Amino acid sequence: KAKDGTYYNTYVIGGGWEPAPPGAMNLLCWNCRGLGTDSTVGELRHLVKRYRPSLLFLSETKMRDTKVRKFMWSLGFSGCFAVSRDGKSGGLALFWVQECTISLKHYSPNIIDVIVGSQENQMWRASFVYGEPKTELRHNFWDLLRFVRSQWSGPWLCAGDFNEVLSSDEFLSRGERREQQMRLFRECLEDCDLVDLGFAGPKYTWN
């Protein structure tokens, strides 16, 4: 419940309804491949302490949502929304600091879609994604992103693990990446007016 008496989505827990101060907002996205080990939790705490993100997105938590929420206070965040794992895989979590205003728009095993407010009257959309792991079903996920785009005309950021690459030079494996599946990804980005922001550091993030 906000200070003005408005009730927000009951899936969202914690605080975070005050406008943030002006300035850049730091985001951290990580496919953690399970939060069930001390080493992973220790690395997560190190990353949060080093980069002090306003928003933290985790994919493949491999946990129930109720268990993931227990990390909220210990990591220094005041709000959390989590999606439970599907069987022994999947699971998403979004954490935010008190200065962020977060309104949940949509969620599924592949996306947490929110409206973010960093200043009064300055709202933007953020879709934190974990792309469909099954190649034959991935087109459904691309269509979901197109739908989100059709419902929003303001600033929009998509971040996370898309489970796809734009071209073969971004892929390193013994097997070959099919050109058709990469083309479908490129077409989705074009239809959604999304631009690859590029990167700094190792070409393959698992390094």
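This dialogue goes through several features of a predicted model and how to read them.

Reader: What kind of model is this, and how are its residues numbered?

Author: The model is predicted, so local features need pLDDT of at least 70 and side-chain atom pairs count only at pLDDT 80 or more, while totals for chains, interfaces and linings use all residues. Residues are numbered from 1 along each chain as its sequence is written, and side-chain values use heavy atoms, with hydrogens and water left out.

Reader: How many helices and strands are there in the protein chain?

Author: Helices (H or I, at least four residues) and strands (E, at least two) are DSSP runs, numbered from the N terminus. The protein chain has 5 helices and 9 strands. Along the sequence their pattern is β-β-α-β-α-α-β-β-β-β-β-α-β-α.

Reader: What percentage of the residues count as buried?

Author: Buried means under 20% relative accessible area, exposed means over 50%, and partly exposed is in between (1.4 Å probe, protein chains only). Of the 207 residues of the protein chain, 43% are buried. The chain exposes about 12,300 Å², of which carbon and sulfur atoms supply 49%; such areas come from the Shrake-Rupley method with a 1.4 Å probe, and for residues only the protein chains shown count as cover.

Reader: Which residues have the most contacts inside the largest nonpolar core?

Author: In soluble globular proteins, nonpolar side chains tend to be buried together. A nonpolar core is a set of buried Ala, Val, Leu, Ile, Met, Phe, Trp, Tyr and Cys residues joined through side-chain atoms within 4.5 Å. The largest one here has 38 residues, and Leu55, Leu56, Phe95, Ile112 and Val114 have the most contacts inside it. Elements that give two or more residues to this core include α1 (38-51), β3 (55-59) and β7 (111-119). The most comes from β5, with 5 residues. Another core, of 16 residues, lies apart from it, and Val129, Val148, Phe185 and Leu194 are among its members.

Reader: Which residues does Val114 touch?

Author: Contact means heavy atoms within 4.5 Å. Not counting residues up to four places away in sequence, Val114 touches Leu94, Ile102, Ser103, Leu104, Lys105, Trp124, Arg125, Ala126 and Phe128. For the protein chain, residues 24 or more positions apart account for 59% of the contacts with a separation of 6 or more.

Reader: At what angle do helix α4 and helix α5 pack?

Author: Two packed helices are described by the angle between their axes and the distance between the axes. Axes are lines fitted to C-alpha atoms, for helices over the stretch in contact, and angles run from 0 to 180 degrees between N-to-C directions. Helix α4 (residues 138-150) and helix α5 (residues 179-191) pack at about 5°, with axes 9 Å apart. That makes α4 roughly parallel to α5; angles under 35 degrees count as roughly parallel, over 145 as roughly antiparallel, 65 to 115 as roughly perpendicular and the rest as oblique.

Reader: Which residues make the contact?

Author: From α4 come Arg138, Trp142, Leu145, Arg146 and Arg149, and from α5 come Gln181, Leu184, Phe185, Glu187, Cys188 and Asp191. They divide into 5 nonpolar, 1 polar and 5 charged. Here Ala, Val, Leu, Ile, Met, Phe, Trp, Tyr, Cys and Pro count as nonpolar, Asp, Glu, Lys and Arg as charged, and the others, Gly among them, as polar.

Reader: Where does Glu60 lie, and is it buried or exposed?

Author: Glu60 lies in the loop between β3 and α2 (65-69). Glu60 is buried, with a relative accessible area of 12%. Its phi is near 55°, a positive value in a residue other than glycine. Lys62, found in the loop between β3 and α2, has a positive phi of about 60° although it is not a glycine. At 34% relative accessibility, Lys62 is partly exposed.

Reader: Which residues is Asn26 in contact with?

Author: Asn26 is in the loop between β1 (13-14) and β2 (27-31). Leaving aside neighbours within four places in sequence, Asn26 is in contact with Tyr51, Arg52, Pro53, Ser54 and Leu55. Asn26 and Tyr51 are 25 residues apart along the chain, and their C-alpha atoms are separated by 7.6 Å. Asn26 is partly exposed, at 33% relative accessible area.
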